[in-house]
Amino acid sequence: MTITFQDFNLSSDLMKAINRMGFEEATPIQAQTIPLGLSNKDVIGQAQTGTGKTAAFGIPLVEKINPESPNIQAIVIAPTRELAIQVSEELYKIGQDKRAKVLPIYGGQDIGRQIRALKKNPNIIVGTPGRLLDHINRRTIRLNNVNTVVMDEADEMLNMGFIDDIESILSNVPSEHQTLLFSATMPAPIKRIAERFMTEPEHVKVKAKEMTVSNIQQFYLEVQERKKFDTLTRLLDIQSPELAIVFGRTKRRVDELAEALNLRGYAAEGIHGDLTQAKRMVALRKFKEGAIEVLVATDVAARGLDISGVTHVYNFDVPQDPESYVHRIGRTGRAGKTGMAMTFITPREKSMLRAIEQTTKRKMDRMKEPTLDEALEGQQQVTVERLRTTISENNLNFYMTAAAELLEDHDAVTVVAAAIKMATKEPDDTPVRLTDEAPMVSKRYKNQRSSKRRDGQGGGYRGGKGKSNNRSSYDKKRSNDRRSSGSGDRRQKKSY
Ligand code: ADP
Ligand code: MG
């Protein structure tokens, strides 16, 4: 049964905004949670990335705001700055006709500027935990009139060790309030923690089948670690994606991949948590505008971001657990479009492939390692397409004389072949260096893995004993700067 937004009896201001946003049907998670949200129930809403969870909590939240009141009436807590910004943009759109005032608050932005913005009496604050707490302690944010609290990407937030911060924030909210908690995944331990913050929550879970991946073609390629990069660039040449995301395992990996891609002539940029806020936003904007063709990202940096129009996802490193896989490929195939996901599996990572397939309940198709000839063929095809477009634009007068002269000396096929050759980006094998990265293997993979490790051939998981090492770049920094930045791009070992 399709549910339209008329069915929710929303105010005309919201209906106007929703129509302007182009939403027609409610997504399944919206259909099930908006009525609960409107009737002040506590809700745990779980559905895959890209299914419209923001509007699922945003619509009831904005509907209940009184824009005349000078008080903060709702807070949305989000794990990263980008997500805070993105959510506040969506809430702004929903509340535009109602003139609901939305303010994002995150670490890394000038606090003085935030304080000035807070004096303009926003109705809704969207913030990262650390910075929210900072303002609460400075008494520049008062939550004593808040009646709705939202936690977006809740599992990520609780996972990243924000539990104490969240508890402190909530202790400033009147005990009579509604809590809405939305996430793509909700592992049992996280759910138990979450429920501490809630009163008899309704748990709405849009089932895996509906929430996946049906419009995403999923492939895996068996490829040795040292051949991964050539494989990647050949695939890029063959598939010539409009917008591609390449996922790497660590920040260093992301930096190195972005650099190596540029060396081989692709417009690529990397995003991860060590970059300044400004740099990440610039990279994202360029990507959305199409100024760069490949975005390289860590899992956490890309989490929850709505980047539309992604046609291809490349899992250069296999994701650390099946849930991350679902998140990653959820970047593509959004809003009814189809997408393609390619996952590189080294020989020793086979068990991860099976674990992923069990989670998504779908088999991936095997794709053969592409050859150099196929890459050249792909690029040639791109050139031919461009030639066709140029011909159809019919704006060639200036070049006709030179063309006629060439044709006096050579036959037409030779001339055209030369033109194609010149305009074709031939596969580039500029040598690049990537540092070996051992995977961060989560508990979910461990069982399947331990038996493998004993066969002692080295390879795949370089040095299984170096596990503390694998985590280090995420963990070391985290404890120092989590609070001050008010946002984290660092995954913490699960602490429960
Ligand atoms: P999630 O939080 O589940 O990952 P988002 O809230 O970021 O998903 O939504 C993904 C995209 O889908 C956004 O661009 C959003 O505007 C759009 N969207 C949300 N709800 C609808 C709808 N009912 N119809 C069409 N597009 C929608
Ligand atoms: Mg979201």
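Predicted model: local features only at pLDDT ≥ 70, side-chain atom pairs only at ≥ 80, totals over all residues.
By class, three nonpolar, two polar and three charged residues form the contact of α5 with α6. The helices concerned span residues 111-118 (α5) and 129-138 (α6), and they pack at an angle of about 65° with their axes 12 Å apart. Because angles of 65 to 115 degrees count as roughly perpendicular, α5 is described as roughly perpendicular to α6. On the α5 side, the residues involved are I111, Q114, I115 and L118, which meet R131, D134, H135 and R138 of α6.

Two further helix pairs were examined in the same terms. Two packed helices are described by the angle between their axes and the distance between the axes. For helix α2 (residues 28-38) and helix α3 (residues 53-63), the axes come within 9 Å and cross at roughly 25°. This angle makes α2 roughly parallel to α3, since angles under 35 degrees fall in that class. The crossing in which α2 passes α3 is right-handed. From α2, the contact draws on I29, Q30, T33, I34, G37 and L38, and from α3 on K53, A55, A56, I59, P60 and E63. Seven nonpolar, three polar and two charged residues make up this contact of α2 with α3.

Helix α15 (residues 322-329) packs against helix α16 (residues 350-360) at an angle of about 70°, and their axes are 9 Å apart. The angle therefore places α15 roughly perpendicular to α16. Here, too, the crossing is right-handed. P322, Y325 and V326 of α15 make the contact with A355, I356, T359 and T360 of α16. The contact of α15 with α16 contains five nonpolar and two polar residues, and no charged residues.

Rolling a probe the size of a water molecule over the atoms shows where empty space is left. The second largest pocket holds about 590 Å³ of space. Its lining consists of 17 residues, of which L387, L396, A403, V416 and A419 are the closest to the pocket centre. The largest share comes from α18, which supplies six residues to the lining of the second largest pocket. By class, the lining of the second largest pocket divides into 14 nonpolar residues, two polar residues and one charged residue.

Conventions
Residues numbered from 1 in each chain as written. Chains lettered and ligands numbered in written order. Heavy atoms only, no water. Axes fitted to C-alpha atoms, helices over the stretch in contact; angles between N-to-C directions. Helix = DSSP H or I, 4+ residues; strand = E, 2+ residues; numbered from the N terminus. Parallel < 35°, antiparallel > 145°, perpendicular 65-115°, else oblique. Contact = heavy atoms within 4.5 Å. Nonpolar A, V, L, I, M, F, W, Y, C, P; charged D, E, K, R; others polar. 1 Å grid on protein atoms, 1.4 Å probe; cavity = no way out; pocket = protein on both sides within 12 Å on 5 of 7 lines; lining within 4 Å. Points joined across faces, edges and corners; volume = space filled by probe spheres on them. Left-handed = near helix turned anticlockwise from the far one by under 90°.
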